[in-house]
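Subject: Structure handover and findings

Hello,

Here is the structure we talked about handing over. Please load it before you read on.

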Amino acid sequence: MIHDHAAFRESLHAMAREHASLARPMPNGWVQCVACGHRCKIAPEHDGICKVRWNRGGKLFVPSNYVCGVQLDPVEKKPFFHVYPGSTALSYGMLGCDYHCGYCQNWISSQTLRDANASALPTETTAEDLVQAALDHGARIITSTYNEPLITSEWSRSIFMLAKEKGLVTSYVSNGNATPEVLDYLEPYLDLCKVDLKSFRQRNYAQLGGRLQTVLETIADVYRRGIWIEVVTLVIPGFNDSEEELREMAQFIRSVCAEIPWHVTAFHQDYKMTSPQNTPMQSLVRAVDIGREEGLHYVYAGNVRGRAGTTEDTTCRTCGKTIVKRRGFMVISNEIVNGQCAFCSTPVPGRWD
């Protein structure tokens, strides 16, 4: 299916609403958006880099009241390994992204307004309906994912306000291209945040449409605010998998806090990136070893479904026993009681029952 982009854009315009919380007025009807690190200065009747935030008559209009996908996922799929093991997350996504990663696994929704071959369609809904769906299906967590949640933060905040009233946990699965302003806006209602650290080279981030320094600042800022954070690096052969670069990423995370979990996950060919080979298992295991050598307490291999030994398990830092055993997104056993190792009572960082 190939979109008529003009007609499709008009349908999204009809679902947008004016919102000034993440907008800064400028002369001559321009407006600056501070929802993401691009800080777009948008002329009247134009949109930002994400293509889902518009200046209409000198006012910023933002996405609202729709989804293009809703699914129940294990929290381990997000991935959060230090958050209520075995619990369920109601995941919802919208359209658009402030990056254009050539290997995006969710490109059908994230690149809909850039790529004529992307064909995700919006479905109107309400915050109340999404929260009720989470409650009806026994989900403990509600999470914005599938596209970049920062660019739809007004909508997510309205969902999260209601979700927290109902006792749900809230989360973002983000590329980390944030601003202090958007984190100020989200902080009272955001419990968890997964952040991608896609590379430690600005030249690589430039290919994706981002800026490394912004992501590094976001990781430190999210941690400082007390929002639970886990960091993910998709290990791509020839792109970011050199030992030097992996060590630099691990050293940076360690400089923020050694207890931040780092997930190094396997790349597979997708979307426009079909030339690198899929990540060899030995490369992924080596990345785990590098993280541990650099002083990180919790380093996990991802997208391996039990094929990389015990690298999906959580081990107690004091007694060395396995306290959460996993295979892929399945929790086999959980020996954490009241946030502590059941064997030696060492506290384990995270969010636990």
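Below is what was found in it, grouped by topic. Keep in mind that this is a predicted model.

Strand S3 covers residues 31–33 and pairs with S4 over two bridges, in the antiparallel sense. For a place to look, take Val31: Ile42 in S4 stands opposite.

Asn147

Asn147 sits in the loop between strand S11 (141–144) and helix H4 (153–165). Is Asn147 buried or exposed? Asn147 counts as buried, because its relative accessibility is 5% and the cut-off for buried is under 20%. Its side chain has polar contacts with backbone atoms. One goes to the backbone nitrogen of Met94, at 3.0 Å. Another involves the backbone oxygen of Gly96, which lies 3.1 Å from a polar atom of the Asn147 side chain.

Cysteines

How many disulfides are there? The count is zero. Cys97 is in no disulfide: the nearest cysteine sulfur belongs to Cys101 and is 6.3 Å away, whereas a disulfide needs the sulfur atoms within 2.5 Å. Cys97 is buried, at a relative accessible area of 11%. Cys68, at 22% relative accessibility, counts as partly exposed.

Aromatic rings

The search of the whole structure gives four aromatic pairs. One of them is Tyr99 with Tyr205. The ring centres are 6.3 Å apart and the planes stand at 75°, so this pair is edge-to-face; the cut-off for that class is over 60 degrees. The pair links distant parts of the chain, 106 residues apart. Tyr99 is in the loop between strand S9 (88–93) and helix H2 (107–110), and Tyr205 is in helix H6 (residues 202–208). Tyr99 and Tyr205 are both buried.

Charges over rings

Two cases to look at here. Arg140 lies over the face of Tyr84, 3.8 Å from the ring centre. Arg326 has its charged end over the ring of Tyr300, at 5.4 Å from the centre.

Best wishes

How values were computed. Residues are numbered from 1 along each chain as its sequence is written. This is a predicted model: local features need pLDDT of at least 70, side-chain atom pairs count only at pLDDT 80 or more; totals for chains, interfaces and linings use all residues. Side-chain values use heavy atoms; hydrogens and water are left out. Two strands pair if DSSP finds at least two bridges between them. Helices (H or I, at least four residues) and strands (E, at least two) are DSSP runs, numbered from the N terminus. Buried means under 20% relative accessible area, exposed over 50%, partly exposed in between (1.4 Å probe, protein chains only). A polar contact is a pair of N or O atoms within 3.5 Å; within protein, one must be able to donate a hydrogen and the other to accept it, and residues adjacent in sequence count only if both atoms are side-chain atoms. Rings of Phe, Tyr and Trp (its six-membered ring) pair if their centres lie within 6.5 Å; planes under 30 degrees apart count as stacked, over 60 as edge-to-face and the rest as tilted. A charge sits over a ring if NZ of Lys or CZ of Arg is within 6 Å of the ring centre and within 35 degrees of the ring normal.
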